[in-house]
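I opened the model to look up a few things for my notebook.

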Amino acid sequence: MQGNSRVPGSAQSDVHAHLAAVVACHVSTAFRKPYADYNRAAFAASFERYQRLAPGVPLILDACCGVGESSVALARAFPTHYVIGVDQSATRLRRGQQRQQARRESRESPEEQGAWPANLDLVRADLVDYWRLLLDAGLRLDRHYLLYPNPWPKIGHLRRRWHGHPVFPALLALGGVLECRSNWPIYIAEHCLAVQQLTGQAAVCEPFVPDLPMTPFERKYLDSGHGLFRTVTRLT
């Protein structure tokens with residue numbers, strides 16, 4: 001990715017006026033979307049691997065992981081955890097695995113290549129189902145990452161943003177440390193307000209500069225001179 005991206009453009013200049021009402025509607029109404037069979041199968045397979053390879057180990061979920069670069073970084077940063085990266089695009093996940101294979105076949109030293117972490121699993125699934133299946137299985141997350149999700153910046157797209165989606169209460173119910181990053185500060189401000197409304201816990205939007213980019217988008221935004229924003233909340 002080249003460093004020539006633009007900050008999301010929107011006619012929305014502040015937190016959406018309907019955010020609180022949308023969040024209140026979702027928390028008061030059960031979300032009964034049927035699970036897709038492929039998501040059930042993907043969850044069952046990944047849950048089996050987790051139970052077989054790392055039973056009882058704290059779990060990290062990297063949501064919308066794309067090519068898995070952030071998932072690899074998390075697995076290396078937290079070697080005593082088990083990391084699951086989830087993305088709905090098989091193409092993106094395959095691209096990340098091929099990239100890692102190409103590095104193995106290069107002339108780089110093992111230290112330069114970095115071995116594929118044994119505590120990492122990449123899963124192709126829709127997060128709307130995967131989050132709820134995790135909750136149904138009685139699992140709790142130790143850490144949970146939403147790194148540069150699609151901001152859906154148009155005013156009419158509030159319900160497509162994760163904090164405006166009916167799955168958001170289930171996402172929060174998984175607990176752990178939840179970190180969300182974006183280059184659109186309104187997204188983080190809305191995320192914070194939705195978290196506060198649903199949990200009663202304070203959530204703060206803060207500017208930040210990472211030591212090393214965790215995702216291709218983060219690298220692109222930094223190269224493009226964008227301001228980056230995040231919020232980190234410890235959910236009970």
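My entries follow, one topic at a time.

**Ground rules.** I am working from a predicted model, where local features need pLDDT of at least 70, side-chain atom pairs count only at pLDDT 80 or more, and totals for chains, interfaces and linings use all residues. Residues are numbered from 1 along each chain as its sequence is written, and side-chain values use heavy atoms, with hydrogens and water left out.

I looked up the largest pocket and noted a volume of about 940 Å³. A pocket here is an open set of points on a 1 Å grid over the protein atoms alone, where a 1.4 Å probe fits, with protein on both sides within 12 Å along at least five of seven lines. The volume is the space filled by probe spheres set on the points, which are joined across faces, edges and corners.

I then checked the lining, meaning residues with an atom within 4 Å of a point. It has 40 residues, and Cys 64, Asp 87, Arg 92, Tyr 148 and Asn 150 lie nearest the centre of the pocket. By class I noted 20 nonpolar, 9 polar and 11 charged residues in the lining. For these classes, Ala, Val, Leu, Ile, Met, Phe, Trp, Tyr, Cys and Pro are nonpolar, Asp, Glu, Lys and Arg are charged, and the others, Gly among them, are polar.

Which element gives the most to this lining? It is α9, with 4 residues. Among the elements that supply at least two residues each are β1 (59-63), β2 (82-87) and α4 (90-104). Helices (H or I, at least four residues) and strands (E, at least two) are DSSP runs, numbered from the N terminus.

Cys 64 is in the loop between β1 and α3, and its phi is near 55°, positive in a residue other than glycine. Cys 64 is partly exposed, at 30% relative accessible area. Tyr 148 is in the loop between β4 and α7 (168-173). Its phi is also positive, about 55°, although Tyr 148 is not a glycine. Tyr 148 counts as buried because its relative accessibility is 8%. My cut-offs: buried is under 20% relative accessible area, exposed is over 50%, and partly exposed is in between (1.4 Å probe, protein chains only).

**Rings.** I counted 6 aromatic pairs. Rings of Phe, Tyr and Trp (its six-membered ring) pair if their centres lie within 6.5 Å. Phe 43, Phe 47 and Tyr 130 are linked by ring pairs into a cluster. I also found the charged end of Arg 160 over the ring of Trp 152, 4.7 Å from the ring centre. That call needs NZ of Lys or CZ of Arg within 6 Å of the ring centre and within 35 degrees of the ring normal.

**Cysteines.** How many disulfides are there? I found 0. A disulfide is a pair of cysteine sulfur atoms within 2.5 Å. The sulfur of Cys 192 has its closest cysteine sulfur in Cys 205, but at 5.7 Å that is too far for a bond. Cys 192 is buried, at 4%. Cys 25 is partly exposed, at 35%.

**Strand residues.** Tyr 145 lies in β4 (residues 143-147) and is buried at 4%. Tyr 145 is 30 residues from Gly 175 in sequence and 12 Å from it, C-alpha to C-alpha. Leu 235, in β7 (residues 229-235), is buried at 6%.

Conventions
Rings of Phe, Tyr and Trp (its six-membered ring) pair if their centres lie within 6.5 Å; planes under 30 degrees apart count as stacked, over 60 as edge-to-face and the rest as tilted.
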